[in-house]
Amino acid sequence: MSILTSKKFQKYFVPGIVFQSCVIAGGYGTGRELVEYFMGYGPKGGILGMCIVSLLVWSIICAVSFAFAQIFKKYDYKSFMKELMGPGWVIFEIAYICFIVIVLAVVSASAGSILHELFGLNKWIGVIGMSVAVFALVMNGSSLIEKVLSAWSFVLYGVYFLFLVLVFANFSDQIAGNIASVPVTGNWVVGGFQYAFYNLAIIIAVLYTIKHSESTKDAAIAGIISGFIGILPGIILFIAMCGFYPVIIDQELPIDFILSQMNMPWLRYVFQIVLFGTLIETGSGLIYSITDRIDEAFKNKGRETPKWTTPVVAVVLLAGTTAISSFGLTGLIAKGYGTLAWVMFIVYVIPILTLGLYKIYKAKKI
């Protein structure tokens, strides 16, 4: 039996892998996000924010959310939020669609910047190329998306660890020196919470993976593991970035800046090509969460989903976010994500940790 199709792997690791694949593009793919929410507190402050605050928040909220989805058998975000918030689910849906639009715009802008930096191509070629690939993947459904995301994650982790090893081999003194000597500035706890909060909407995009869980315990364990799987690549990248503090703060594509400093063209091409593939993963996962929600709505009414819905939704979202991506990567991350963090705290974190825990407790008592 292949590890990718084994029951234990699907129960405990697929949710985290899909979560990480959806997080990466909006969370740390280019490194710009890590600079925005962590590097301003200094290398040590940033590490504390990621390893203590963001990791714990992701693991706890994933565990509670996955357990809730498993108990009530709600695997698309509409039915999940209706079970959690009742009529208030509409407020979340508005916030969630805004989240998807902004993250997809960041993904598009990142794709355009990557191909421009690597090959000197017009940024729109990268944007359009990514959109076409996302469309093709979404049209093939959740089964293919899960398999592609799981397989690609092994490639991603391999490249990330290779990157870290080579960065340490070349810049270990600078990394260790900056972490040890640069003082912590500001409140890194706030940065850790902001970063964690704006990424939490991704949980709703991966609920379909909890169908593999056979019990509430399975789902909760998968959630805790998801926090670790989701944050680990970000920690790897941030530690590497510490060796280039404070110059790294002003770079639009911090990771590409590090790769160019290493004077290893082959690694730069391999890393960025793998990242480009991961951007496609993220876009596919997010759009699928919308099309799956529509599909569940039709099923609940006893009707078959029209075949035109998936391509139309995908095209509309991709076209809209392509236009928004023209605002640029740095601006979208600084302004869009900052606002989303506190919106998600209000419409998701508070409800799942109050109503969610209460309903889980009540359901388990019956």
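**A surface patch and a cavity**

Hi everyone, let's begin with helix H4, which gives the most to the nonpolar patch, with three residues. Please keep in mind that this is a predicted model, where local features need pLDDT of at least 70, side-chain atom pairs count only at pLDDT 80 or more, and totals for chains, interfaces and linings use all residues. Residues are numbered from 1 along each chain as its sequence is written, and side-chain values use heavy atoms, with hydrogens and water left out.

So, who is in the patch? Ile-52, Leu-56, Ile-60, Leu-353 and Leu-357 form it on the surface, with about 410 Å² of accessible area together. Areas come from the Shrake-Rupley method with a 1.4 Å probe, and only the protein chains shown count as cover for residues. Patch residues have over 30% relative accessible area and no salt bridge, with nonpolar side chains (Val, Leu, Ile, Met, Phe, Trp, Tyr) joined within 5 Å; a salt bridge is a Lys or Arg side-chain nitrogen within 4 Å of an Asp or Glu carboxyl oxygen. At least two patch residues come from each of H4 (42-72) and H15 (329-365); helices are DSSP runs (H or I, at least four residues), numbered from the N terminus.

Ile-60 is found in H4. Ile-60 counts as partly exposed because its relative accessibility is 45%, between the buried limit (under 20%) and the exposed one (over 50%).

Now to the lining of the largest cavity: H10 (202-205) and H13 (265-300) each supply at least two residues. A cavity is a set of points on a 1 Å grid where a 1.4 Å probe fits but cannot get out, and lining residues have an atom within 4 Å of a point. Among the lining residues are Tyr-75, Ile-204 and Asp-292. Thanks, everyone!

Technical notes
Patches are made of residues with over 30% relative accessible area and no salt bridge: like charges are joined within 9 Å, nonpolar side chains (Val, Leu, Ile, Met, Phe, Trp, Tyr) within 5 Å. Buried means under 20% relative accessible area, exposed over 50%, partly exposed in between (1.4 Å probe, protein chains only). On a 1 Å grid over the protein atoms alone, a cavity is a set of points where a 1.4 Å probe fits but cannot get out, and a pocket is an open set with protein on both sides within 12 Å along at least five of seven lines; lining residues have an atom within 4 Å of a point.
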